[in-house]
Structures are given as C-alpha cells and as structure tokens.
Amino acid sequence: MPLPREPDARDGYRLLTAAARIIQRLHDEALAPLGLTRAAVIALEAAAPRPMNQEQLAAKVHVQSQTLGRVLARLEAEGLVTRTRNPADRRQFQVEISPAGNAALQAARRAERAAVPADFDGWETLSEQLARFVDFFRTRQQGTPGSDTLRQSKPPSAWEEP
C-alpha cells in the first residue's frame with residue numbers, strides 16, 4: 001500500500017501556474033476580437049475611477065512607468081485614453097479614460113466573463129481558497145524590510161506587449 005504523499009508547495013505552484021495560464025489564454029482569445037490585450041484592460045481598469053498621472057497609474061498596477069507608457073501610447077492612439085502633459089511639470093502625463101475607453105472596458109469585462117465557463121461548480125470554493133492563500137502570504141510578507149509582495153523585478157506577462 002503506497003504511503004500518502006506529503007503536501008508539496010511545488011505541486012501547488014504548478015497547479016496555480018497551469019490554472020493561471022488556462023485563464024489567461026481564454027481571456028487573450030476573448031479580448032483579441034476587441035483589439036485589446038490583458039495589459040490594456042488592466043490599464044483601462046486602473047484609469048477608470050479617476051484621472052491620475054502616469055507614475056501613479058504605474059504604481060497602482062505595479063509596473064514601471066516606461067512599460068505602462070507603451071501600453072498607454074497604444075490606447076491613446078486608439079482613442080481609449082487621453083494623456084495630457086502637466087503644465088507645472090512637463091515630465092508628467094495626466095491619464096484619463098475616454099468614453100470610448102469606458103465602452104471598450106465594459107466590452108472587455110463581458111468578453112472575459114463569457115470566456116470562462118460558468119458551469120464549473122467549484123468557482124466559489126476556488127475563489128475563497130485563492131483569496132485566503134493570497135491574504136496569507138500578503139500578511140506574512142508585510143513588515144518584512146524591503147519586501148513588496150506585489151512588485152516584481154520583471155513585469156507580469158500581461159505587460160509583455162506583442
């Protein structure tokens with residue numbers, strides 16, 4: 001009779017990674033017909049509540065300002081956001097979502113919801129467990145000198161523009 005396996009964090013990591021990749025692929029496929037990327041949707045969501053400067057927006061989504069700037073340049077060219085130079089500090093841009101950007105964001109949210117099957121009967125349990133997992137590690141890392149659990153040395157894959 002085989003011995004029961006001890007829990008292994010690597011197994012959980014692999015499962016989380018595989019699940020994330022599946023959802024990301026489904027979202028990418030759903031957003032493609034809209035001409036949007038996950039990075040664009042993240043930027044639109046962050047800019048939607050109120051205008052803010054590009055550095056504040058970059059901090060909000062946990063990427064470098066330059067990385068966000070490339071995404072914003074594309075969104076601006078498509079009329080989804082406006083960027084206005086701050087007259088007091090010409091280095092800063094004020095970013096604001098446009099009405100077309102709000103419409104694109106709503107369409108993206110609908111597309112992302114439709115991309116993931118609602119008939120999986122474990123969504124509620126999975127969401128609760130993942131929230132507990134994230135909270136556990138965020139709480140554990142808070143107060144550790146030099147730690148920032150959300151900042152990464154490399155931007156999340158959503159920010160790697162095609």
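**Close-up views around helix H2**

**View 1. The crossing of H2 and H5 is left-handed.** Left-handed means that the near helix is turned anticlockwise from the far one by less than a right angle; clockwise would be right-handed. This is a predicted model, in which local features need pLDDT of at least 70, side-chain atom pairs count only at pLDDT 80 or more, and totals for chains, interfaces and linings use all residues. Residues are numbered from 1 along each chain as its sequence is written, and side-chain values use heavy atoms, without hydrogens and water. The H2 and H5 axes come within 10 Å and cross at roughly 125°. Axes are lines fitted to C-alpha atoms, for helices over the stretch in contact; angles run from 0 to 180 degrees between N-to-C directions. H2 is therefore oblique to H5. (Under 35 degrees counts as roughly parallel, over 145 as roughly antiparallel, 65 to 115 as roughly perpendicular, the rest as oblique.)

**View 2. Residues where H2 meets H5.** From H2 come Val41, Leu44 and Glu45; from H5, Gly101, Leu105, Ala108, Arg109 and Glu112. Contact means heavy atoms within 4.5 Å. These residues divide into four nonpolar, one polar and three charged. Here Ala, Val, Leu, Ile, Met, Phe, Trp, Tyr, Cys and Pro count as nonpolar, Asp, Glu, Lys and Arg as charged, and the others, Gly among them, as polar.

**View 3. H2 against H4.** The two axes come within 10 Å and cross at roughly 85°. H2 is thus roughly perpendicular to H4. Ala39, Ala40, Ala43 and Leu44 of H2 meet Leu68, Val71, Leu72, Arg74 and Leu75 of H4. The tally is eight nonpolar, no polar and one charged.

**View 4. The largest nonpolar core has 25 residues.** Such a core is a set of buried Ala, Val, Leu, Ile, Met, Phe, Trp, Tyr and Cys residues joined through side-chain atoms within 4.5 Å. Buried means under 20% relative accessible area, exposed over 50%, partly exposed in between (1.4 Å probe, protein chains only). Leu36, Leu44, Leu57, Leu68, Leu72 and Leu75 have the most contacts inside it. At least two residues each come from H2 (38–47), H3 (54–61), H4 (65–77), strand S3 (89–97) and H5 (99–115). H2 gives the most, with seven.

**View 5. Surroundings of Leu75.** Leaving aside neighbours within four places in sequence, Leu75 is in contact with Ala40, Ala43, Leu44, Leu80 and Val81.

**View 6. The chain as a whole.** Six helices and three strands make up its secondary structure. Helices (H or I, at least four residues) and strands (E, at least two) are DSSP runs, numbered from the N terminus. Of the 162 residues, 28% are buried.
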